[in-house]
Amino acid sequence: MVTCGHTALLAVLLLVAAQSACCALPGAPSSCTAAVRRSIDWGAGSNSFGVEGATQVGGRAPSVWDAYQRKPGSIADGATGNVATDFYQRWRQDISLMKQLGLRHFRLSLSWPRLLPGARKGSAVNPDAVRFYGAVLNELT
């Protein structure tokens, strides 16, 4: 069973599975050799609102997406980013999974409402956000 905190990596798992089986797929190009599959540098990506959750934790200010998701009918199934995939709480586990998969690249999106909750020129940087993103970046190295 895939938990909410790991759904972001489900797509990566599916890509890896598809990549591994690419030559076995009907109609796969003959150029999809084992050597080609080994030469692919796999990675993962994120967007802060879609993965972090913790919308009212760590000094994060509301974003335009927070306001948008509260409008009735704006999101087809009523889902919100309040928890998302809970990367803010589960980042160590998610990065561990990425390392277990052998991923060498991770595109990290920063939450500006978390980093600069004042959203104005000259606003103070949120030290909780700096600690959070610093710990994530340190774990990735």
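1. Contact here means heavy atoms within 4.5 Å. Keep that in mind, as it comes back below. Helices (H or I, at least four residues) are DSSP runs, numbered from the N terminus.

2. A quick word on what you're looking at. This is a predicted model, where local features need pLDDT of at least 70, side-chain atom pairs count only at pLDDT 80 or more, and totals for chains, interfaces and linings use all residues. Residues are numbered from 1 along each chain as its sequence is written, and side-chain values use heavy atoms, with hydrogens and water left out.

3. Start with helix H5 (residues 87-101) and helix H7 (residues 127-140): they pack at an angle of about 10°, and their axes are 10 Å apart. Axes are lines fitted to C-alpha atoms, for helices over the stretch in contact, and angles run from 0 to 180 degrees between N-to-C directions. H5 and H7 are therefore roughly parallel, a label for angles under 35 degrees.

4. Who touches whom? On the H5 side you'll find Phe-87, Tyr-88, Trp-91, Ile-95 and Lys-99, and they meet Phe-132, Ala-135, Val-136, Glu-139 and Leu-140 of H7. Sorted by class, this contact has eight nonpolar, no polar and two charged residues.

5. Now the largest nonpolar core, which has 14 residues. Such a core is a set of buried Ala, Val, Leu, Ile, Met, Phe, Trp, Tyr and Cys residues joined through side-chain atoms within 4.5 Å; buried means under 20% relative accessible area, exposed over 50%, and partly exposed in between (1.4 Å probe, protein chains only). Among the residues with the most contacts inside the core are Trp-91, Met-98 and Tyr-133. The largest share, five residues, comes from H5.

6. How many salt bridges does the structure hold? There are five, each a side-chain nitrogen of Lys or Arg within 4 Å of a carboxyl oxygen of Asp or Glu. One of them joins Glu-52 and Arg-114, with the closest N and O atoms 2.8 Å apart. Glu-52 lies in the loop between H3 (48-51) and H4 (64-70) and Arg-114 in H6 (residues 112-115), so the pair ties together parts 62 residues apart in sequence. Glu-52 is buried at 3% relative accessible area, and Arg-114 is buried at 0%.

7. Glu-139 and Lys-99 form a salt bridge, with the closest N and O atoms 4.0 Å apart. Glu-139 is partly exposed at 31% relative accessibility, and Lys-99 is partly exposed at 44%.

Terms used:
Helices (H or I, at least four residues) and strands (E, at least two) are DSSP runs, numbered from the N terminus. Angles under 35 degrees count as roughly parallel, over 145 as roughly antiparallel, 65 to 115 as roughly perpendicular and the rest as oblique. Ala, Val, Leu, Ile, Met, Phe, Trp, Tyr, Cys and Pro count as nonpolar, Asp, Glu, Lys and Arg as charged, and the others, Gly among them, as polar.
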